[in-house]
Amino acid sequence: RLCSLVTPALGAFRISAHFYAFSVISSMPGNAKYANYQTVSPPTVAGAASIDESYERTKCRLCDGTNLGLVLKLKPTPPANAFVPKERITQGEKVFPLELNFCRNCSHLQLSHVVSPEVLFRNYVYLSGTSPIMVKHLEEYAKEAACLVNLRKEDFVFEFGSNDGTLLRHFKSLGFDNVLGMDPAKNIAKIATADGLKTIPKFFSFESAKDVRSNFGPAKLICANHCCAHIDDFHSIVRGVKELLAEDGIWIFEVGYLLSVLKDSLFDTIYHEHLDFHSVEPIRRFCLEQGLQLLSASAVSIQGGSLRCVVGWPGTSPAITGGSDAIANLVQAEAAAGLHSESVFLRWAKSIDSSRNEVLALLKGLRSAGKAIAGYGAPAKATTLMYHFGITKDIISFIADDNPLKQGLFSPGLHIPIVDARYLYEHQPDYLVILAWNFADSIMKKHENFLLMGGRFIIPLPELRVVKTSSP
């Protein structure tokens with residue numbers, strides 16, 4: 001009955017942005033976390049990070065190759081989700097390099113400098129349950145995944161990077177009660193557990209996977225949504241998946257898709273939590289090297305463009321109808337777009353500067369004309385966007401956001417106040433920059449009254465747009 005309610009094709013369902021982060025670096029003994037890395041000197045900028053909090057990786061995360069080329073250098077920023085309470089805004093914050101390397105061996109694109117996961121993830125302010133769109137996508141995800149693996153009521157479902165348990169809650173609502181989450185954000189893991197969704201407050205690793213298996217048995221389904229790109233030691237994570245995954249199980253993960261990032265110039269998805277920008281061919285080869293098989297892959301529109309991968313054991317995990325063709329088609333599209341060419345990313349860097357000039361010229365012109373400008377949405381990507389484009393509190397006076405954990409805080413580094421959306425109507429700005437541009441349509445629909453009151457929306461990416469009441 002359940003499977004008759006959803007479309008059978010994996011690519012048909014849509015998952016929400018589930019930006020949940022983890023890393024196994026902090027669990028390594030002694031100085032083992034610095035193996036294969038060259039410690040970077042502190043950046044020569046105010047509030048620069050110390051070498052204990054960041055380091056530079058000199059090997060590819062997927063193939064371990066050392067032939068890396070720098071293709072993009074953005075302005076250094078604080079951690080993108082490091083929102084600041086009022087009493088700390090005078091203390092200053094550390095910033096970290098934000099640079100991308102291209103692996104000339106396997107074509108994998110990756111962040112060069114790694115910020116300690118203890119700095120990034122132990123206390124987190126993102127809640128997947130605060131967005132109705134995300135909640136709906138995760139509901140569809142649970143239905144589709146259950147059918148894909150022919151999930152039975154007693155089967156064990158495990159999610160790492162599980163955040164507030166929104167996805168697991170949907171599995172439980174479908175009658176699958178044997179669920180468990182794991183997330184390193186202690187504050188959020190506590191929220192989920194209190195809500196009846198048991199969540200272990202740990203980073204996922206081989207060791208934690210062994211503990212889970214000994215207590216709960218093998219997992220028929222492992223989920224990891226928008227967190228695999230946050231992992232520096234991806235090899236250890238895969239060892240954990242292999243330890244926990246049942247012989248007939250599957251692992252589904254979703255990451256930002258490099259093809260979409262490049263096509264739509266989504267440079268603001270580059271921040272310290274996102275260590276990797278994945279494409280299908282490097283992942284396919286990596287899975288084979290790890291004794292696993294990429295069963296299917298699909299490009300989806302969530303978060304401006306994401307890649308969903310289904311991975312399992314060769315020969316024993318469920319076959320995915322059309323999976324091989326889907327993989328081949330995406331690999332062909334990636335090659336046609338130049339994802340295997342270093343020069344393509346060097347040209348991309350120049351186009352980002354052009355976008356910056358266009359957006360900044362508009363905003364500065366409006367401010368010079370006496371217009372009041374605010375922002376809507378305080379996602380992590382807004383930190384990269386505002387820093388690299390030079391959008392400061394002299395341009396944007398406040399940012400409205402629906403997440404109560406962010407309200408009352410100040411944006412990382414730039415210290416723009418984050419307020420409840422009701423503040424918009426109490427202090428009506430002339431223009432509202434939608435920093436969470438990937439949800440622009442739903443935000444504009446929700447705040448149609450802002451337009452009716454004479455306000456205008458500015459959508460900075462993928463293409464600059466100004467929306468007013470007369471716009472189609």
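## Around one tryptophan

In this predicted model, Trp348 is in touch with Leu72, Leu100, Val261, Leu262, Ser265, Leu266, Phe267 and Ile270, leaving aside residues up to four places away in sequence.

## The nonpolar cores

Trp348 is also one of the residues with the most contacts inside the largest nonpolar core, along with Phe158, Phe160, Trp251 and Ile270. That core has 116 residues, and helix α10 (residues 342-368) supplies its largest share, nine residues. There's a second, separate core too: 22 residues, among them Leu138, Leu148, Val149 and Val157. As a general point, nonpolar side chains in soluble globular proteins tend to be buried together.

## The sheet and its edges

Now for the strands. Seven of them make an open sheet with mixed pairing, and the order reads β9-β8-β7-β10-β11-β14-β13. Which strands stand at the edges? They're β9 (199-200) and β13 (293-300); each has a single partner strand, so one side of each is left without a neighbour in the sheet.

At the β13 end, seven bridges link β13 to β14 (residues 306-312), and the two run antiparallel. Within that pair, Ser298 sits opposite Arg308 of β14.

## Helices on the sheet

Helix α5 (residues 206-216) packs on the sheet, where it touches β7 (157-160), β8 (179-182), β9 and β11 (245-256). The direction of α5 makes about 160 degrees with that of β8.

Helix α6 (residues 234-244) lies across β7, β10 (219-225) and β11. Relative to β11, α6 runs at about 145 degrees.

Notes:
Residues are numbered from 1 along each chain as its sequence is written. This is a predicted model: local features need pLDDT of at least 70, side-chain atom pairs count only at pLDDT 80 or more; totals for chains, interfaces and linings use all residues. Side-chain values use heavy atoms; hydrogens and water are left out. A nonpolar core is a set of buried Ala, Val, Leu, Ile, Met, Phe, Trp, Tyr and Cys residues joined through side-chain atoms within 4.5 Å. Buried means under 20% relative accessible area, exposed over 50%, partly exposed in between (1.4 Å probe, protein chains only). Helices (H or I, at least four residues) and strands (E, at least two) are DSSP runs, numbered from the N terminus. Contact means heavy atoms within 4.5 Å. Two strands pair if DSSP finds at least two bridges between them. Axes are lines fitted to C-alpha atoms, for helices over the stretch in contact, and angles run from 0 to 180 degrees between N-to-C directions.
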